[in-house]
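Colleague: I have some questions about this model. Please show it, and then we can go through it.

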Amino acid sequence: MATRSVSAAVLLREQLAGLSTSAKASVVLALIRAEVAAVADPATVDNFDPECAWRRLGIYRNFAAELRGRLAMAIGLQIPATVLFDYPTPAALTHYLCAEMVGDHAAAQPSVPEWTTPGHDPIAIVGMACRFPGDVRSPDQLWQLVVEGRDAISTLPSER
């Protein structure tokens, strides 16, 4: 069976070799659609939207590994275990797989958002509460305790 899948992968590469970029993407997207139907509910292909998230297509954790394995066999390349998380839609995965098959590793990298304003941080601490030994009740008091190097270890409260 492994020989059969290797020859299928070779045939796929030969088929893609003479095609334009958009035609390659169409062939790879059709492959992804067929593998999604094989792994998840076949009715999913009736409403297959390349821009739809994997979960909406019925691809959850347990199906993600199987889908990744089937795609790797179909194209004849190793695919990272995180590929469905790195490329969260069939369209994004299509772009990645096409780039991988032609060896364009720079184009195959997942996009990372760039923050245009200096100091923009994607993480926000909305609230914080503290209840520590040494009568520490706020984040400022906690940092002051750390800066001063004080020891806040005490005996257990009598009410406990």
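Colleague: In which helix is the place of Val-83?

Modeller: This is a predicted model: local features need pLDDT of at least 70, side-chain atom pairs count only at pLDDT 80 or more, and totals for chains, interfaces and linings use all residues. Residues are numbered from 1 along each chain as its sequence is written, and side-chain values use heavy atoms, with hydrogens and water left out. Helices are DSSP runs of H or I, at least four residues, and strands are runs of E, at least two, numbered from the N terminus. Residues 83-86 form the helix that holds Val-83, and that is helix α4.

Colleague: Is Val-83 buried or exposed?

Modeller: Buried means under 20% relative accessible area, exposed over 50%, and partly exposed in between (1.4 Å probe, protein chains only). Val-83 has a relative accessible area of 2%, so Val-83 is buried.

Colleague: Which residues is Val-83 in contact with, leaving aside its neighbours within four places in sequence?

Modeller: Contact means heavy atoms within 4.5 Å. With neighbours within four places set aside, the contacts of Val-83 are Arg-68, Leu-93 and Tyr-96.

Colleague: On to Leu-71. Which residues is Leu-71 in contact with, beyond four places in sequence?

Modeller: Leu-71 sits in helix α3, residues 61-75. Its relative accessible area is 2%, so Leu-71 is buried. Leu-71 and Ile-32 are 39 residues apart in sequence, yet 7.3 Å apart in space, C-alpha to C-alpha. Leaving aside neighbours within four places, Leu-71 contacts Leu-31, Ile-32, Glu-35, Ile-79, Leu-93 and Leu-97.

Colleague: Glu-35 is in that list. Is Glu-35 buried or exposed?

Modeller: Glu-35 belongs to helix α2. Leaving aside neighbours within four places in sequence, Glu-35 is in contact with Leu-67, Arg-70 and Leu-71. The relative accessible area of Glu-35 is 12%, so Glu-35 is buried.

Colleague: Lys-24 is in helix α2 too. What is the relative accessible area of Lys-24?

Modeller: Helix α2 covers residues 21-39. Leaving aside neighbours within four places in sequence, Lys-24 contacts Leu-16, Leu-19, Cys-98 and Val-102. Lys-24 counts as buried because its relative accessible area is 18%.

Colleague: What about Pro-90? Which residues does Pro-90 touch, not counting those up to four places away in sequence?

Modeller: Pro-90 lies in helix α5, residues 90-102. Its relative accessible area is 0%, so Pro-90 is buried. Pro-90 and Leu-57 are 33 residues apart in sequence and 9.5 Å apart in space, C-alpha to C-alpha. Beyond four places in sequence, Pro-90 touches Leu-29, Ile-32, Phe-48, Asp-49, Pro-50, Cys-52, Trp-54 and Leu-57.

Colleague: How many disulfides does a search of the whole structure find?

Modeller: A disulfide is a pair of cysteine sulfur atoms within 2.5 Å. Cys-52 is buried because its relative accessible area is 15%. Cys-98 is buried because its relative accessible area is 15%. Over the whole structure, the number of disulfides found is zero.

Colleague: Now Ser-7. How does Ser-7 count by accessibility?

Modeller: Ser-7 is in helix α1, residues 2-17. Ser-7 and Ile-75 are 68 residues apart in sequence and 9.9 Å apart in space, C-alpha to C-alpha. The relative accessibility of Ser-7 is 36%, so Ser-7 counts as partly exposed.

Colleague: Which pattern does the protein follow, read along the sequence?

Modeller: The secondary structure comes to six helices and zero strands. Read along the sequence, the pattern is α-α-α-α-α-α.

Colleague: What share of the contacts with a separation of 6 or more comes from residues 24 or more positions apart?

Modeller: Of the 160 residues of the protein, 29% count as buried. Among the contacts with a separation of 6 or more, residues 24 or more positions apart account for 49%.
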